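Me: I would like a close look at a single part of this model. Please keep it brisk.

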Amino acid sequence: MTQKSATKPFIEVLSGHRQPVPPVWMMRQAGRYLPEYRELRAKAGGFLDLCFTPEYAAEVTLQPIRRFNFDAAIIFSDILVIPYALGRSVRFEVGEGPRLDPLDTPEKVATLARHADFGKLEPVYEALRRVRRELDPRIALIGFCGAPWTVATYMVAGQGTPDQGPARMMAYRHPEAFADIIDVLVENSIEYLLGQLKAGADVLQIFDTWAGVLPPSEFARWCVAPVARMIENVRREIPDAKIIGFPRGAGASLPSYLDGVPVNALNIDWTAEPSFIRERVQNRVAVQGNLDPLALRAGGAALDRAVDAVLKNFGGGPLIFNLGHGILPDTPIAHVEQTLARIRKKSSS
């Protein structure tokens with residue numbers, strides 16, 4: 001079987017075709033819950049060293065595929081590589097998350113480079129090429145980036161905050177300066193996503209982790225419109241590009257997101273109301289999600305019930321089984337195995 005002729009169940013769902021057994025992958029499926037990841041992470045040194053060493057990034061991407069036979073691999077990287085390529089200082093401090101030099105005034109925003117140095121991101125492309133060569137042709141390869149709003153929230157504050165208040169405040173007080181950040185992120189993210197597709201990615205996912213903190217009018221301006229521009233420009237060059245949106249926490253705003261953003265699937269979090277999603281989202285595009293990561297960590301009968309609920313709620317339409325966010329670092333490996341066994345047994349029975 002050649003790579004071109006291989007049928008990928010994951011891609012079939014993104015084309016609107018329900019699969020008898022829904023394809024499965026899990027956000028942060030390559031991560032600290034795996035001993036093989038922890039071993040390589042220690043060898044690499046810093047987090048960015050792991051991301052930007054193609055041999056290591058490819059290996060980490062493939063680790064969960066070898067262990068669990070997921071239906072998709074997602075390249076190991078981070079949403080903050082675009083600020084890094086724009087020349088911003090990006091650091092990852094153990095136990096504290098990312099740290100950047102804040103762009104918290106219009107004067108500082110004026111210092112932001114307009115064009116990224118994509119040579120800094122060549123290791124990501126090389127890691128994609130390596131993974132594509134090694135990956136079973138039936139398994140999809142996902143590239144990704146952060147949505148402009150979410151990436152901008154870290155750039156403005158210099159770190160994550162409980163409600164990303166600094167970026168929200170700048171968007172109210174200095175909308176022109178904030179729009180400059182968004183515009184730079186949109187233009188450079190387009191080029192980055194195209195580069196990932198050309199390096200072997202089958203699918204792109206756009207992570208808007210902080211979409212849920214905005215009121216509707218700001219959501220339309222800072223989440224919907226920028227991502228719509230990105231997708232329009234990606235598809236201008238690659239018309240059949242498959243793209244998944246993840247406006248986390250958007251809830252009741254998901255239909256308006258779909259009105260503006262032509263994605264092939266929406267990732268939903270675990271707080272989503274099932275009937276609303278079926279009637280207003282899954283009748284239009286595929287759904288990806290939405291197991292609570294805490295249920296995965298809990299295991300046992302509670303996990304079985306949670307898996308069954310996702311299958312019952314969304315298994316009647318095009319579904320990619322996933323989590324509502326990432327695997328927690330202290331999740332037992334046996335619970336991931338339990339989840340996969342239950343999905344594949346129940347769906348095929």
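What span should the 24 residues of helix H10 (residues 175–198) have at 1.5 Å a residue, and how far apart are its end C-alpha atoms?

Reply: First, the ground rules. This is a predicted model, numbered from 1 along each chain as its sequence is written; local features need pLDDT of at least 70, side-chain atom pairs count only at pLDDT 80 or more, and totals for chains, interfaces and linings use all residues. Side-chain values use heavy atoms, with hydrogens and water left out.

Now the helix. H10 should span 34 Å, and its end C-alpha atoms are 34 Å apart, so the two agree. The expected span is 1.5 Å times one less than the number of residues. Helices here are DSSP runs of H or I with at least four residues, strands are runs of E with at least two, and both are numbered from the N terminus. After H10 comes Gly200, with a positive phi near 130 degrees.

Burial is next. Of the 24 residues of H10, 18 are buried, so the helix is largely enclosed by the rest of the structure. Buried means under 20% relative accessible area, exposed over 50%, and partly exposed in between (1.4 Å probe, protein chains only).

The largest nonpolar core has 137 residues. Such a core is a set of buried Ala, Val, Leu, Ile, Met, Phe, Trp, Tyr and Cys residues joined through side-chain atoms within 4.5 Å. H10 supplies the largest share of this core, 13 residues. Phe10, Phe178 and Ile181 have the most contacts inside the core. Leaving aside neighbours within four places in sequence, Ile181 is in contact (heavy atoms within 4.5 Å) with Leu103, Val109, Leu112, Ala152, Met155, Val156 and Met170.

Ile75 lies in the loop between strand S1 (72–74) and helix H5 (81–85). Ile75 is buried, with a relative accessible area of 2%. Beyond four places in sequence, Ile75 touches residues including Leu128, Phe144 and Gln196. Ala286 is in strand S8 (residues 286–291). Ala286 also counts as buried, at 2% relative accessibility. The C-alpha atoms of Ala286 and Asn188 are separated by 27 Å, with the two residues 98 apart along the chain. Among the residues that Ala286 touches, not counting those up to four places away, are Val13, Leu266 and Pro318.

Last, the cysteines. The count of disulfides is zero, where a disulfide is a pair of cysteine sulfur atoms within 2.5 Å. Cys145 is in no disulfide, and its nearest cysteine sulfur, that of Cys223, is 13 Å away. That is too far for a bond. Cys145 is buried at 2% relative accessibility, and Cys223 is buried at 0%.
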